[in-house]
Amino acid sequence: MADEDITSQEGDEESNRKLAAIMFTDIKAFSKKMGKDEKAAMEILKTHDAMMRVFVAKHGGKVIKVIGDSFMVDFASAVNAVKCAIKAQEYFYKYNEDKNDFERIEIRIGIHLGDVVVVGNDMYGDGVNIASRIEAITEPTRICITADVYSQVKKKMDLKVYHMGSMELKNIEEPVEVYEILFDSIPAFSQPSERAKKAPSKRKVEAVTQEEAEEAKAIEAKKQKAAGADQMSEEVKTRLIEEHYRKAERFYEKGEFEKAEAEINEIYRIDPNRAEVEKRLAEEEQKQEMVEGFYKKAEEYFNQNDFDEAEKHANEIFKIVPLHARGQALLGKIEDKRYEQKEKQRREEDAKRRSEDERRERTEGGIRRAKQFMDQFKYREALQEVEEVLSIDAENIAGNELKGILEEKVQKEEAEVVVKEVEEAPKVVEGRKKEKDAAQLARELAEQQAAAAAAAAAAEEAERRRRRAAMIKVLVRYGTRVAAVIGAAALLYFGVPIAFRAMFPNSASIAVVSFGGSGAEENYLAGMLPEFIAKDLTGHAHVSVVSPSSSVRYSAGVDDLAKIGRELNVKQVITGEVQTNGQNFALVVRMYDIEKKSKPLEEKFENTISSLPDVRSAVVRRVLEVMEIDAEPRKVTSPTKNAFAYDRYLRGSWLVSQKNLDDVQRGVALLQSVVLEEPSFSLAQATLAEGLIRQFRVGGEANRTLLAEAIDAARKAAETDRTNAEAFLRIGMASRYLRRFEDAKRNVNRSLSLQAVNPDAHRELSLLSLVEGDLEKAADHLAEAKSIDPRNPDTYFVAGLIHHFRQQYGEAANAYQAAIDLGANEFVVTSRFLSKVWDAQVQESKTVAFFRKILERNARDFATYYRIGQAFQVTGKVEDAKKFLEPGEKVAREAADANPRDGRAHVYRALFLSRLGDPTGDWEKELKTASDLASSDAEVFYRTANAYAIWNKKPEALAALKRALELDYSYAEILNADFNLLSRDPEFQAVVVRKIKEADLE
């Protein structure tokens, strides 16, 4: 396009000057196409012109001139100018994919932000000239911008550029910094062009500009000729439009409004697009003014700490613009401030509640003990308990009632004692008198007998005394010394060790690590023995044992003993080797003392597999003896008399503890055959339940039928043996997965009452405490589990959940990663939890990289498109988000069209439309369709809640979320980033937190 230097409009500059973003475009080698086939070239030009006008109108631009194949466009916003340019290049790139060289439309675009002078419907000035020259040096299919444009957009867009350096431009005093835009949406354009790398010289710039201007004029002439005599040129249009505008202004000034409107209608007849564009621009401008007004007010109220008013004005923004980044950020700040205030209040209330809970527990415990004493007719002890209760809570109704009853009971007891004493007093006096008379007679008789014997014995006594005196003289000389020595020796030999051991008993902290050969299936006994021995040792006085799920990760033959002791916090390590020969086995047990660097035990045990319980008892006895621990070893009894069933039980138990799904399934099948043959084999039933739960987890937590089967097996185990702690634990675990929280809590507590040292039970109670919203209790239970089972992946996963709910994102990320490193399901933990922590830490690149790998395997997975788009958008990268939200919406729409009854596809399309700011209302129609089709699908209701939350429709979001939680309570869904603004609302907490009834220990 020709240069339009201004030198003759000086008189009008000030009144018509403005700052504008000017965009110039031009088609590559279009004059050659005209020369080759003018008619076909004109059809290509029509397509180009039509699409450019669409892109310009969509981004709020105004076409100033169209000369030949070149456009000059005015934008009020540099951001909109750049967005328009990128969208045009992306469109024409896709358009060209199946076209030959002649049909291809390859445009170059230059943009500059600068001062321009408006004269009528045209623009002049350096701002125009610079934009024109920048476009001329741009490689076809590329976009170049000046430093003025880049400084405006770099903080508002995720933009990659290549710095071409300073350019000296014709009639421009100062060199101009130029950048070429790089965009990843077109891989070929993610690197700088060759022309950009060479950075053209001043002479080249002028030559290219002049050549392009002449080409544009030639093309324009041919275009006007092709348009026909009845079609006016752009110049004529412009002149007529200006004339009608002048007439309309005069009519408005005179008050002749009908005539003025007629002139405006003539303008719209000449240029039909003008009415629509001007109307849209006016509406957009009005919207923008309203939005800015509400935002400014909201910001003022926020700075005054009036958060309610701030939120009220911020929400007005979303009624006008569904997605407004600054408005969302301000709402986030408001929620942060409110959260700080609520956290402070919550901590105070928690302290008060804990104090109240402690007081209630003490009073209820006192009343309970008082009633127990009453049942035993111990009224005085019961009264003391009640008085203690009333000293804590003087208004306690039950305490005051009991006090009155007990005082009467005690007074009655005292009165009965007094009456009894009065009634028995005469009898006591008479009895004592008779006793006194009998004693007197006996004394007199004894005195007479003594007098008679005394005389006879006197001589003998005198001789005896003489001999004794002589012997004493000898003993006095040596006896004292001997007695002292003997007494001291006895005290040292017997008394001191006994006293020392009574005051400081021996103790052991033991880890039973893996046994030799435990990794092979044929040596399943070696795999099971560490777990058996660890459980057999657990619970003995002065013995602490690390859970085998942590300790068997180590091998004394591979890992340094000091490392094992340090990481597991133990002083003794037990390991061994097992060799089997048919139904016989030989076991060598070794125990190492880490501190003393000694091996206090190495012993061999041989027996049949059916006699394994006896060998286990012997191992425990020897360990306690060697450690000199004063505890009676518990005898391990055989769970069945059927040797073959017992062998299959051991093999199945080993298989269900493996990580491979096939192994777990084979183990379950073995255990099912055992319980079918031996229904009363309680341990086998409990282990079968454990295997079914394991199969559910390893299989991706999809087949819930396995959980029902697990509960059935565990209940049979508990019916056979009411002391089987594992049976109650497995009922509790399966019940939690099925969201039967009351059953879960009751059975887990029952298991703990039977076996206090059980990390699985404490982890379960920690997870249930999260459901109740009690993060402190959850942390307490987890601390108990971690002290017993420090290297279990589930321990770290639950720790990650607690940190995540506390919004301690760094600690949560570390815990989740540790869980994965220790063997947790990487896909489940990362996709549902860890990636959400990355988003919160503004590390969405990690989330995107993870889900892109999934998308590479399945390009039709619309849920993955959404997850990537969500990650970008919640961290403020709107343009990047669109690159995944738009194609994701297309995939979801195609899936819904292919299967109209696919509720999941419909609800995801609603989500995509919501994040893209759908103004049509189609998103709500899609939600209704989805809920009608899938009324019992928890995921559909979770996604419905997400969509309503994005639109800030709180009542609808909470109703959908409540329904989803009733169908399937999910920690991962509660932590969904779509609930960010809603999650701190008390009503949200009321929906997601459940008070689980206190467990009744049967």
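Q: Which residues make up helix α14, and how far does α14 reach?
A: Helix α14 runs over residues 379-392, 14 residues in all, and reaches 20 Å from its first C-alpha to its last. That is close to the 20 Å expected at 1.5 Å a residue, where the expected span is 1.5 Å times one less than the number of residues. Helices here are DSSP runs (H or I, at least four residues), numbered from the N terminus.

Q: Which residues of α14 are buried?
A: Y379, A382, L383, E385, V386, V389 and L390. Buried means under 20% relative accessible area, exposed over 50%, and partly exposed in between (1.4 Å probe, protein chains only).

Q: Where do they sit around the axis?
A: They're on the same side of α14, because they cover an arc of only 160° around the axis; the arc is that of the directions from the helix axis to the C-beta atoms.

Q: And which residues are exposed on the other side?
A: Q384 and S391 are exposed there.

Q: Is C84 buried or exposed?
A: C84 is buried, with a relative accessible area of 0%. C144 counts as buried too, at 1%.

Q: Last thing, what's the model's background?
A: It's a predicted model, where local features need pLDDT of at least 70 and side-chain atom pairs count only at pLDDT 80 or more, while totals for chains, interfaces and linings use all residues. Residues are numbered from 1 along each chain as its sequence is written, and side-chain values use heavy atoms, leaving out hydrogens and water.

Conventions
Helices (H or I, at least four residues) and strands (E, at least two) are DSSP runs, numbered from the N terminus.
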